[in-house]
Amino acid sequence: MSAASCLCKGGIVAFPTETVYGLGADVFNTTALARVFEVKRRPYFDPLIVHIAELSTLMRLVDYTAMDAEAIRRLKKLANTLMPGPLTLILPKLPEVPDLATGGLKTVAVRFPKHSGALALIKNSTGAVAAPSANPFGYLSPTRAEHVAEQLGNDVDIILDGGTSEIGVESTVLDLSSHLPRILRPGGVSREEIEAFIGKLDDVRPEHPHTEEPVRSFNIGQCLSPGQLKSHYAPRTKLFLLDTDFLCKEAYKRNCAYLFFNTVSFDLWKKNNPRAPLNGGHRNIFILSHNGDLRDAASNLFEKLHCIDAAAYSAIYAERAPDKGLGRAINDRLEKASNK
Ligand code: TXA
Ligand code: MG
């Protein structure tokens with residue numbers, strides 16, 4: 001059976017996107033949606049992103065009557081510029097969109113991915129595919145089909161292999177349902193890129209809840225995204241996130257992994273650790289991007305963390321990335337990984 005007909009018949013399919021792999025189900029099939037939550041061990045309060053392959057599908061999902069003229073202007077602008085791409089928009093939902101997909105919220109998250117394999121799957125199935133990242137809840141997102149197979153294996157009907165995800169961190173979640181648009185999760189599109197099209201974004205971010213307790217007070221205009229939970233995207237290994245200065249002063253420990261942002265930081269650290277036995281192939285040294293390119297670093301982040309996690313180090317010392325562009329998404333994931 002093809003992956004598309006599997007989705008049409010209520011199956012669940014893991015598929016590649018340009019950000020990370022997703023675990024898809026027809027958004028209008030609540031039995032299939034329930035299976036996605038069950039397989040991921042994801043709490044039902046955490047809403048899913050609906051993936052579309054053409055803008056006209058928004059008509060089946062979004063309640064335009066609940067949007068003011070300014071919100072519709074922003075939606076049009078972003079639809080014409082950054083979609084398809086790694087951007088998820090939070091918009092008022094039509095009653096037909098099942099509550100199970102939206103965690104009981106009055107809003108729906110919509111994303112138009114850029115990956116040709118994802119687009120073909122969505123187009124050839126039901127046109128609207130709800131898909132969280134294809135990992136167990138709270139764990140690292142998969143950027144390769146092998147990650148999905150290792151983490152969810154037999155629980156999934158089909159795993160489509162599309163190679164390594166190009167961007168490597170999840171989409172940016174942008175709330176367009178409140179008076180001022182704001183980023184609920186930094187991701188593959190930077191704040192700067194979004195602001196270039198729709199102007200300044202609201203800076204106020206809601207407080208992080210301190211636990212993964214259900215957050216029940218979702219409302220349009222008062223939206224706290226479960227992606228903002230303090231602890232998320234976490235490897236099993238304990239992770240310490242340090243500013244460059246501090247990491248470079250950290251003494252070498254044989255059983256720990258070191259995750260540097262670039263080669264400059266690694267060289268500084270080496271100077272402070274002249275006796276570190278690094279000639280044996282630097283097995284516990286990981287560098288996100290040798291020349292410090294933020295896109296390159298983002299695309300390597302989950303891959304390196306998966307790799308470190310598989311090697312059973314007693315801790316990871318990770319360097320904070322520059323706090324701009326995709327660096328914000330990298331730091332967000334590292335901060336959440338360090339709050340285990
Ligand atoms: O790049 C991505 O976004 C990937 C690929 C597969 O598309 N998907 C992904 O899905 O990261 P997931 O479920 O792991 O993250 C979706 C985030 C969650 O933090 C969820 O709480 C938030 O989007 N979200 C979904 N619907 C929402 C809504 N109505 N209001 C606020 N946040 C919402
Ligand atoms: Mg996820």
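User: How far is the sulfur of Cys 6 from the closest cysteine sulfur?

Analyst: A disulfide is a covalent bond between the sulfur atoms of two cysteines. Here a disulfide is taken as a pair of cysteine sulfur atoms within 2.5 Å. The closest cysteine sulfur to that of Cys 6 belongs to Cys 8, at 9.2 Å, which is too far for a bond. For Cys 248 the closest one is in Cys 256, 16 Å away, again too far. The structure holds 0 disulfides. As to conventions, this is a predicted model, in which local features need pLDDT of at least 70 and side-chain atom pairs count only at pLDDT 80 or more, while totals for chains, interfaces and linings use all residues. Residues are numbered from 1 along each chain as its sequence is written, chains are lettered from A and ligands numbered from 1 in the order in which they are written, and side-chain values use heavy atoms, leaving out hydrogens and water.

User: Is Cys 6 buried or exposed?

Analyst: Buried means under 20% relative accessible area, exposed over 50%, and partly exposed in between, with a 1.4 Å probe and protein chains only. Cys 6 is buried at 3% relative accessibility, and Cys 248 is buried at 5%.

User: Where does Val 169 lie, and which residues does it touch?

Analyst: Helices (H or I, at least four residues) and strands (E, at least two) are DSSP runs numbered from the N terminus, and contact means heavy atoms within 4.5 Å. Val 169 lies in the loop between β7 (158–159) and β8 (172–175) and is buried, with a relative accessible area of 0%. Not counting residues up to four places away in sequence, its contacts include Thr 19, Gly 188, Phe 302 and Arg 333. Val 169 and Phe 302 are 133 residues apart in sequence, yet their C-alpha atoms are 7.5 Å apart in space.

User: Which residues touch the most other members of the largest nonpolar core?

Analyst: A nonpolar core is a set of buried Ala, Val, Leu, Ile, Met, Phe, Trp, Tyr and Cys residues joined through side-chain atoms within 4.5 Å. In the largest, which has 59 residues, these are Leu 23, Leu 78, Leu 89, Leu 91, Leu 174 and Ile 194. Helix α2 (residues 30–40) supplies the largest share of this core, 5 residues. A second, separate core of 29 residues includes Leu 241, Phe 261, Ile 308 and Ala 321.

User: What is the volume of the second largest pocket, and how many residues line it?

Analyst: Rolling a probe the size of a water molecule over the atoms shows where empty space is left. On a 1 Å grid over the protein atoms alone, a pocket is an open set of points where a 1.4 Å probe fits, with protein on both sides within 12 Å along at least five of seven lines; lining residues have an atom within 4 Å of a point. The second largest pocket has a volume of about 250 Å³, the volume being the space filled by probe spheres set on the points. Its lining has 13 residues, with Pro 86, Lys 114, Ile 167, Gly 188 and Arg 295 nearest the centre.
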